[in-house]
Amino acid sequence: MAAKKAKATNTVALSKDQFKDAIVKHLRSTCGTDEARANNQAWWKATCAAVNELVFERLTETSKANAEKDSRAVHYLSLEFLMGRLTVNNMHNVGVFGAARDALADLGKDVNDICDEEPDMALGNGGLGRLAACFIDSLATLNYPAVGYGIHYEHGLFRQEIQGGRQIERPDSWREYGNPWEICRPESIQEVPLYGYVETVFGEDGKMRKVWHAGRQIKGVPWDIPVVGYEAKTVNVLRLWESKAADFFDWDVFNAGGYIDSQSEKSQAEAVSKVLYPNDESEAGKELRLIQQYFFCACSLKDIIRRYKRNHSDFSQFSKQAVIQLNDTHPTVAIPELMRILIDEEGLVWDDAWAICKETFAYTNHTLLPEALEKWAVYLFEKVLPRHLEIIYEINRRFLEDEVEAKWPGNDEMKRHLSIIEEGETRMVRMAFLCVVTCFKTNGVAAMHSELVKEDLFPEFYELWPERFVNVTNGVTPRRWLLACNEQLANMYNETVGTDWPLKLDELKGAAKFADDAKFQKNFMAIKREKKVELADKIEELCGIKVSPDAMFNVLIKRLHEYKRQHLALLHILALYRRLLENPDYDMGPQVFIFGSKAAPGYKLAKDIIYAINKVADKVNNDPRIKDKLKVVFMPNYRVTLAEKLFPAGDVSLQISTAGYEASGTGNMKFALNGALTLGTMDGANVEIREEVGDENIFIFGMDCDEVKALKAAGYNPWDYYYGNPELKAVLDWLETDFFTPGAPGELASIKHSLLEGGDPYLVLADFESFTTQYTAVDVAYRDQKKWAKMAIINSASVGKFNSDRSIEDYVDRIWKLEKVMPN
Ligand code: CJB
């Protein structure tokens, strides 16, 4: 179906001709070239510069309005912001996408080719970082005063290449050739101390003070990325800190002839913001990572306090003006840092400083996985942040002696259990405990997850302070995840329910009444097919694999982790392949399985799973016996830009984590919004998606969370399932042969071993049969295209709840208590 022309969904701030003039002007004045000589890179930069004429003006108006109103603001501290590309999104939000596309066309350029020049801003690993990006989009759209704070990594998440089926990591250099969206703000540079020792001094008044004599200083240089709200009334800022050597630092060495030494100081300082740690849901415990965390927290707090001090001479109003959201435990060191500033630098007494901290910080928990709950060795803290360790000890002492003692008198075991300091061979600081003890709210990210946070993760803290625990279910921005990535469906909705849905996603509900309408179904499915054709072309271009857009597209895209169970899907593919080989008439519609996933570079089994998927794909895709009924695709370098092509093209959204392990998921929401049906477990936000779309429009399989717990408690034995299901046994044994790796038997055996000798910690074998059974039901349903269309429409029309604007309103209501500020 040809894309219908978009209705104006918001104010067009520039006409096509004005836009054309602006691009040509910037080709010359900003890029130093002209229409005849410019390459696509220059066309892209000139286009951005034209958009920025509008964006920067709104940015200035927004910061003026916030300063004038002196309004309360949220400061979202996050080590990750997975922004993706900004150009198309910003053009949509400013309302000039159509004008820009037409202007470029007049100038002989295709808007897609030009926007393809933009590298992804991949300053995050996965769900947590992408959520932060959706949240700042929503905060700006809803006109809330907000600043995102993070690190200006020189290298974002590695670029993934697949060589011989294996993942190879290559550096990502997203700003090597300049980035038109960022503005350096040297006027707001901060200095950050590190290392050294703490001295106790007594003033003339006899009062004791602590003085931290730092061993080093590094400089934080802020880069501002404009965050353009939809319809661009508000343009907030994402402020990212780049580390540099402090100025005073090298000169002595330099002048004394130590040029090389001064360079090494420089490169040590610059190492802090050099690269994003590529571990998702696991903690490395490395000194540089602790320094990264402290560096961006210290810079951000100085920035917040500097702004506060413009209008206030003491700290009595601080927690009324500023709320600081800790995105997971990564920025927890901001807590002792604020205590240190208030006590050591501002002269407040402990109780007053503590009261301010307790009213300022709130904490979001994103995972229950023990390996992701950060702990720092005490000796490391002592070395890098000696004063902060003292402060943490004092917070802990007061907590244990006052609050734990009051609740559980004389119970030393409980004190040991709840202590922020974990005793043992290596004493550790438990960052999540420090968060819960300090923060006025702790939230989980989906209803089920928030219950588990209370019941399983922090039960005693919940007993102490039940009022501090809340849920805020995650969401995704419909501007990027429908309007910009699926123009065809967006236009269809414009015509069906009007043009307010990018702001009020619940309005899509109006389309549900057409779910049975033959014409509507036809158009809806034609759009899906068009997106599948686009994806099939991309698959052929990137992987050299031909897939039919008439096959059912099963998509599993997310970070590689055992709990997300990509290997469950793989075992299932092997089972289908076997069935087809054994019975060429096996009754199954044509199937394509599409994977996209990066593995942490040090996560051996995850990398083995990628290799296995690729090896199985090689075999299956080239086996003439199965007559193209089954295809397997692993798309390299999964990232936001690729996701924008995959979500609109999926028929089946695979959300197959072990129940109780996926905190929420957000890909599940993007798929449903674009009309895919979920085949998933009762985990994370799948549970709430089911509530919204109805049990008859989702395919649930596997054990629920209680069953998982019960099976584990009873003593799970994966061998029972291996011997109990001949098909499962056969596919596992297959992995040990050289069928998929000719001449190299055993290359895929680590997967089998992890599931048998390794104890199968995520119950893959236990859920296998239920998965394959429910999959058959999905295949049957898909072959009834009318029924399928109806279910797909209902999915897309029913997931308004998962708009990140709703999440933000929940945060405002339950935690942040902000008021909107409308810039002029
Ligand atoms: N999450 O992406 C990460 N990284 C972590 O270290 C911990 C959790 C994910 O956060 C998302 C946003 O809340 C969740 O949707 C997802 O379930 C969780 O795994």
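In the predicted model, the shell around the ligand comprises, by class, five nonpolar, nine polar and three charged residues. Of the 17 residues around the ligand, those that come nearest are Gly127, Leu128, His366, Ala663 and Ser664. The protein is divided into three parts, namely domain 1 (14-69 + 90-117), domain 2 (70-85 + 120-474 + 809-816) and domain 3 (507-702 + 767-800), and the shell around the ligand draws at least three residues from each of domain 2 and domain 3. The C-alpha centres of domain 1 and domain 3, for their part, lie 37 Å apart.

The UniProt record, in an unreviewed entry, lists Lys670 as the modified residue N6-(pyridoxal phosphate)lysine. In the model, Lys670 is placed in helix H25, which covers residues 667-673. A residue is counted as buried if 20 or more other C-beta atoms lie within 10 Å of its own, and Lys670 is therefore buried, because 29 other C-beta atoms are found within 10 Å. When the neighbours within four places in sequence are left aside, Lys670 is in contact with Val476, Trp481 and Phe647.

The strands are described next. Strands of a sheet pair through backbone hydrogen bonds, and the pairing is either parallel or antiparallel. Parallel pairing is found in an open sheet of six strands, whose order is E22-E21-E20-E23-E24-E25. Strand E22 (630-635) and strand E25 (699-700) stand at the edges of this sheet, and because each has a single partner strand, one side of each is left without a neighbour in the sheet.

Antiparallel pairing is found in an open sheet of three strands, arranged in the order E15-E17-E16. Here the edge strands are E15 (375-377) and E16 (421-422), each of which pairs on one side only. Strand E15 and strand E17 (residues 428-430) run antiparallel and are joined by three bridges, with Lys375 having Arg430 as its bridge partner in E17.

A further strand, E13 (residues 322-327), is largely enclosed by the rest of the structure, because six of its six residues are buried. In a regular strand the side chains alternate between the two faces of the sheet. In E13, Ala322, Ile324 and Leu326 point one way, whereas Val323, Gln325 and Asn327 point the other way, and all of these residues are buried. Strand E13 pairs in the parallel sense with strand E1 (residues 73-77) over five bridges, and within this pairing Val74 stands opposite Val323. Strand E13 also runs parallel to strand E14 (residues 361-364), to which four bridges join it; the bridge partner of Asn327 in E14 is Thr364.

Burial is also found in a helix. Helix H16 (residues 431-438) is mostly covered, with eight of its eight residues buried. These buried residues are Met431, Ala432, Phe433, Leu434, Cys435, Val436, Val437 and Thr438.

Key:
Residues are numbered from 1 along each chain as its sequence is written. This is a predicted model: local features need pLDDT of at least 70, side-chain atom pairs count only at pLDDT 80 or more; totals for chains, interfaces and linings use all residues. Domain bounds come from an automatic or database domain assignment. Two strands pair if DSSP finds at least two bridges between them. Helices (H or I, at least four residues) and strands (E, at least two) are DSSP runs, numbered from the N terminus. UniProt positions are given in the numbering used here, feature names are shortened, and annotations may be inferred rather than shown by experiment. A residue is buried if 20 or more other C-beta atoms lie within 10 Å of its own, exposed if 12 or fewer, and partly exposed in between; C-beta atoms are placed from the backbone. Two residues are in contact if their C-beta atoms, placed from the backbone, lie within 7 Å. A residue is near a molecule or strand if its C-beta atom, placed from the backbone, lies within 6 Å of it. Ala, Val, Leu, Ile, Met, Phe, Trp, Tyr, Cys and Pro count as nonpolar, Asp, Glu, Lys and Arg as charged, and the others, Gly among them, as polar.
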